[in-house]
Structures are given as structure tokens and as C-alpha cells.
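I opened the model to look up its aromatic pairs and its charged side chains. My notes follow in the order of the search.

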Amino acid sequence: MSLIGKKIGDFKAQAYVDGDFKEITQEDLMGKWSAFVFYPADFTFVCPTELGDLADIYPEFQKIGCEIYSVSTDTHFTHKAWHDTSDSIKKIKYPMLADPTHKISTDFGVLIPEEGLALRGSFVINPEGKIVAYEVHDLGIGRAAEELLRKVQAAQFVAENGDRVCPANWKPGGETLKPGLDLIGKI
């Protein structure tokens, strides 16, 4: 069953952000673009490469009005300890959400119940709080932050230009398509 169009459920989570703890709820997502990036656990191997990659281009997400939320089943205290000890994680300025109750991971369909960990899931959420794009990977497959940024940009373009769509590898400024009978069999 697809999650496209699903409205995110109510949640309340502690986050480590900007050297402090902050409560984040679904209400914080309303009215702006968001990307949820689930990962298995703090103090692991692939996770810091992904989260560091996101940290490196976080300003690009901010420029297009999209907030990043990384999420694992660890606590906010563990997020802080990881932030204090890892050079890759020290770069992070976006909120690191704690999901020790597994409520958020379950709602997004990424929880591995027998392990208490989340799969690697990336979700683009529109300002109405609905999922418009997502991708879920097995634990050993890392993701590229640039591709998540491209997906957010494409989702924003389609939301603003409903009669146009973004072809494969589209980037801002690139050619788009206007679906119609004249394109059938011509691409």
C-alpha cells in the first residue's frame, strides 16, 4: 500500500537541535516543506555518512524553505552524545528527532519491530502535511542528500505548476513536460 498522499499522524518528539533539546510535533511541519530522514541508529557506520552529507547541503534545503528532520529510535540524549563525539554529526544544524517509543517509525512504515530500528527511509512532506515522495532502503544501502534535495525541488515545482511534470534527472531550470495527447509516443 502506497504512502503517497497520506497525512502524517499526530506525534510529539524530543529533538536535539542547535545545542539544546526541543519538542517537535506534527504542527511544526504544517505550512512548510519538510523531509524526514529515518536511519537505524546513532553510533553506527553508514548513518553518519548520510547525515553528514545532509549537513553539508542543509543550507540548500533552507534556501528552498524545506526543513530536514533526521529520525532514529534512539533518545534525544543519545543524539546529543553522538553530536558531541562524532566529527560528521557535529556539522548537523537540523533537528535530530528521538523516537524511542517507535510511534513515528511505525506511522511511516519503516520500523523493524524485532530489532527496534528504523529502515533508511526518506520522505518529502508538503505544507499540508502529506507525503508526496518517499524511498525506503535496506540497512546497508546509503542515500545521497543531493537526490533528496532534487526530489523536494521537483515536488515543489509540480505543486506550483500542476499542469507540468518533471522528467527523469530534472533539476531546477531544466525542461519540464506538459502531459497531453501530442506527447504520446513522441518521447
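**Entry 1: aromatic rings**

Y69 comes up at 2% relative accessibility, so I note it as buried. I keep in mind that this is a predicted model.

I then searched the whole structure for aromatic pairs and got 14. I picked F36 and Y69 to look at in detail. Their ring centres are 5.3 Å apart and the planes meet at 45°, so I call this pair tilted. Tilted is the class left over once stacked (under 30 degrees) and edge-to-face (over 60) are taken out.

Where do F36 and Y69 sit in the chain? I find F36 in strand 3, residues 33-38, and Y69 in strand 4, residues 66-72. They are 33 residues apart, so I log the pair as a link between distant parts of the chain. F36 has 0% relative accessibility, so F36 is buried as well. The cut-off for buried is under 20%.

Next I took F157 and W170. This aromatic pair is tilted, with 5.4 Å from centre to centre and 45° between the planes. F157 lies in helix 5, residues 145-160, and W170 in the segment after helix 5. The two are 13 residues apart and again join distant parts of the chain. I checked burial for both: F157 is buried, and W170 is too.

I also looked for rings that group together. One aromatic cluster takes in F11, F36, F38, Y69, F108, F123 and Y134.

**Entry 2: salt bridges**

How many salt bridges does the model hold? I count 10. I went through three of them one by one.

K6 bridges to D107, with the closest N and O atoms 2.8 Å apart. K6 is in the segment before strand 1 (12-17), and D107 is in helix 4, residues 103-107. K6 is partly exposed at 26% relative accessibility. D107 is partly exposed at 25%.

D56 and K91 also meet through their side chains, at 2.8 Å from N to O. I place D56 in helix 1, residues 46-63. K91 is in the loop between helix 3 (87-90) and strand 5 (96-98). They are 35 residues apart, and I log this pair too as linking distant parts of the chain. D56 has 48% relative accessibility and counts as partly exposed. K91 is partly exposed at 35%.

K80 and D84 form a salt bridge with their closest N and O atoms 2.4 Å apart. Both are in helix 2, residues 76-85. They are 4 residues apart, so about one helical turn separates them. K80 is partly exposed at 32%, and D84 is partly exposed at 39%.

I then looked for bridges that join up. E50, R120 and R143 are linked in a network of salt bridges.

**Entry 3: surface charge**

Which residues form a negative surface patch? I find D10, E23, E27 and D28. I followed up on D28. D28 is in the loop between strand 2 (20-25) and strand 3. At 30% relative accessibility, D28 counts as partly exposed.

Terms used:
Residues are numbered from 1 along each chain as its sequence is written. This is a predicted model: local features need pLDDT of at least 70, side-chain atom pairs count only at pLDDT 80 or more; totals for chains, interfaces and linings use all residues. Side-chain values use heavy atoms; hydrogens and water are left out. Rings of Phe, Tyr and Trp (its six-membered ring) pair if their centres lie within 6.5 Å; planes under 30 degrees apart count as stacked, over 60 as edge-to-face and the rest as tilted. Buried means under 20% relative accessible area, exposed over 50%, partly exposed in between (1.4 Å probe, protein chains only). Patches are made of residues with over 30% relative accessible area and no salt bridge: like charges are joined within 9 Å, nonpolar side chains (Val, Leu, Ile, Met, Phe, Trp, Tyr) within 5 Å. Accessible areas come from the Shrake-Rupley method with a 1.4 Å probe; for residues, only the protein chains shown count as cover. A salt bridge is a side-chain nitrogen of Lys or Arg within 4 Å of a carboxyl oxygen of Asp or Glu. Lys and Arg count as positive and Asp and Glu as negative; His and the chain ends are not counted. The place of a charge is taken as NZ of Lys, CZ of Arg, CG of Asp or CD of Glu.
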